Amino acid sequence: MPSTVVITAEQRVQIKEIVCDILELEADEVTDTSRFKEDHNADSLGAIEILSSLERTFGIEIDQAELIRMVSLDGVVDVVQESLAK
């Protein structure tokens with residue numbers, strides 16, 4: 001049975017800080033479900049930067065195919081959580 005990893009509150013804050021820093025947004029502008037592209041005018045380069053920064057920060061590998069799921073903070077947290085469980 002695969003192990004379940006739960007993202008801590010601190011890790012979630014760290015993920016949000018990475019997203020906000022790369023997308024040049026204030027933390028209060030980003031909700032768990034606001035969509036990076038539609039709500040914040042993020043581009044695909046920003047998504048790649050987020051993925052790369054998460055890999056460095058958490059010591060994980062994220063397949064670029066996961067970018068399609070990384071459209072909101074909740075999506076990013078889910079992808080990181082799954083990557084940490086591997």
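Biologist: Which side chain meets Arg12 in a salt bridge?
Modeller: This is a predicted model. Side chains of opposite charge can pair when their charged atoms come close. Here the N to O distance is 3.2 Å, and a salt bridge needs the two atoms within 4 Å. The partner of Arg12 is Asp32.

Biologist: How many residues apart in sequence are Arg12 and Asp32?
Modeller: Arg12 lies in helix α1, residues 9–23. Asp32 lies in the loop between α1 and α2 (36–40). So the pair ties together parts whose separation in sequence is 20 residues.

Biologist: Is Asp32 buried, partly exposed or exposed?
Modeller: Buried means under 20% relative accessible area, and exposed means over 50%. Asp32 has 36% relative accessibility. Asp32 therefore falls in between: partly exposed.

Biologist: Which residue is linked with Arg12 and Asp32 in a network of salt bridges?
Modeller: Arg12 and Asp32 meet in a salt bridge. They also belong to a network of salt bridges.

Biologist: How far apart are the closest N and O atoms of Arg69 and Glu82?
Modeller: Arg69 sits in the loop between α3 (44–58) and α4 (73–85), and Glu82 in helix α4. The pair links distant parts of the chain, 13 residues apart. Their salt bridge has its closest N and O atoms at 3.0 Å.

Biologist: What is the relative accessible area of Glu38, which forms a salt bridge with Arg35?
Modeller: The closest N and O atoms of Glu38 and Arg35 are 3.5 Å apart. Arg35 is partly exposed at 38%. Glu38 is partly exposed too, with a relative accessible area of 49%.

Technical notes
Residues numbered from 1 in each chain as written. Predicted model: local features only at pLDDT ≥ 70, side-chain atom pairs only at ≥ 80, totals over all residues. Heavy atoms only, no water. Helix = DSSP H or I, 4+ residues; strand = E, 2+ residues; numbered from the N terminus. Buried < 20%, exposed > 50% of the residue type's maximum accessible area, 1.4 Å probe, protein only.
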